[in-house]
Amino acid sequence: MLTAGIKNTTALRERKKETAKQKTVSFFKNLLRAVFLIGMGYVMLYPILFMVSGAFKAGVDVYDPTVIWLPKHYSTQAMKLAIKSLKFWSSLKNTLLILVPSVCLQMVSTLLAGYGFARFKFKERGLLFGCLIFTIIVPIQNLIVPLYANFQSFNMFGIGFIYSAITGGEHINLLNTGWPFYLTAAFGMGIRSGLYIFIMRQFFRNMPKELEEAALIDGCGSFKTFTSVMLPNVKPAIVTVLVFSVVWYWNNYYEASMFLMDKQTLSVSLTMLNGMLDITAGSISSITSQELMLMRDGVLECGCILVMLPLLVMYIILQKQFTESVERTGIVG
């Protein structure tokens, strides 16, 4: 009995030591995880915090060494000057006129193409899918010259010749309109459309075939099966593609600067803000050259905030749905 009691006491002591060791290891793991996450969060948020801090500084705070994060004298003059220099409201209107129709058309085309690649067997499907992957790899800079020429003298399916014959005028010029973006989005060649089709294809391929078989038994055709059965089950992929599409169309600079010479989007206006600032400030007699020199960095930071703010608001609203959709679609990196 005495020997059994000693063994039980020893075993209990060993279990306590093991438990204490596990708690210590768990504590340090949690501590390291917290330090890592806080550090990464600071690295990611630092540029935004720096811009917000500098955007509302008055001129006297710029060279004040005691002012680091919180300005002593808050001022909205830099923000007002940024809005005027960016021509914010007209640029926002131009951006939305390009973004909204293009995103809607791109969603339709990528859904249909992804479903076709995933569920239908047809000749040269592998070759066509290889061409799709090729569009993801090839940068837009390699295609911009033929695209520009085609949209300057638009003649798809002979439409340009028919138009010239009827009106007796020149060729159809689609530049300085939203049609270059609408047409490419509708035909699956919009900004990053190849990637979105690939995402949709992978998602549709992972869905059970029994869903289509049940719909077929119920008398549904291919299109009704797609709209009534498949679409409600691909909401995560739709949210992922929607968010990515909005972000890339919103930030699109290269194509917007090539196709829209007279209508500036926000991304194009932001790149021209530094030059437009001198013109805008020159038209305001109350701003001296010295004040402009002090406010220049703050105005540029205000411009960045104005362009980023709608995307930040969208992400905050759709954060939960976007995170879940990314996890379900398997996108990494």
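Which helix supplies the largest share of the lining of the largest pocket? The answer is α9, with 3 residues. The legends below take that pocket and a few other places in turn. This is a predicted model, in which local features need pLDDT of at least 70 and side-chain atom pairs count only at pLDDT 80 or more, while totals for chains, interfaces and linings use all residues. Residues are numbered from 1 along each chain as its sequence is written, and side-chain values use heavy atoms, with hydrogens and water left out.

**Figure 1. The whole chain is a helical model with 17 helices and 0 strands.** Helices (H or I, at least four residues) and strands (E, at least two) are DSSP runs, numbered from the N terminus. Of the 333 residues in the chain, 35% are buried; buried means under 20% relative accessible area, exposed over 50%, and partly exposed in between (1.4 Å probe, protein chains only). Among contacts (heavy atoms within 4.5 Å) with a separation of 6 or more, 72% join residues 24 or more positions apart. The accessible surface comes to about 21,000 Å², and 67% of that belongs to carbon and sulfur atoms; areas come from the Shrake-Rupley method with a 1.4 Å probe, and for residues only the protein chains shown count as cover.

**Figure 2. The largest pocket has a volume of about 500 Å³.** On a 1 Å grid over the protein atoms alone, a pocket is an open set of points with protein on both sides within 12 Å along at least five of seven lines, a cavity is a set where a 1.4 Å probe fits but cannot get out, and lining residues have an atom within 4 Å of a point. Grid points are joined across faces, edges and corners, and a volume is the space filled by probe spheres set on the points. Look for Val-138, Ile-140, Gly-190, Ile-191 and Arg-192, which lie nearest the centre of this pocket among its 23 lining residues. At least two lining residues come from each of α5 (125–137), α9 (193–205), α12 (235–251) and α13 (254–259). The lining divides into 12 nonpolar, 9 polar and 2 charged residues; here Ala, Val, Leu, Ile, Met, Phe, Trp, Tyr, Cys and Pro count as nonpolar, Asp, Glu, Lys and Arg as charged, and the others, Gly among them, as polar.

**Figure 3. The largest cavity holds about 50 Å³ of space.** A search of the whole structure finds 1 cavity of 30 Å³ or more. Its lining includes Phe-181, Tyr-249 and Trp-250, and α4 (88–119) and α12 each supply at least two lining residues. By type, the lining of this cavity has 6 nonpolar, 4 polar and no charged residues.

**Figure 4. Thr-184 sits in helix α8 (residues 179–186).** Thr-184 counts as buried because its relative accessibility is 15%. Beyond its neighbours within four places in sequence, Thr-184 is in contact with Phe-151, Met-189 and Gly-190.

**Figure 5. Leu-128 belongs to helix α5.** With 41% relative accessibility, Leu-128 counts as partly exposed. Setting aside neighbours within four places in sequence, Leu-128 is in contact with Phe-117 and Phe-122. The C-alpha atoms of Leu-128 and Phe-117 are separated by 9.1 Å, and these residues are 11 apart along the chain.

**Figure 6. The structure holds 0 disulfides.** A disulfide is a pair of cysteine sulfur atoms within 2.5 Å. Cys-302 is in no disulfide, and its nearest cysteine sulfur, that of Cys-304, is 9.3 Å away. Cys-302 counts as buried, at 0% relative accessibility.
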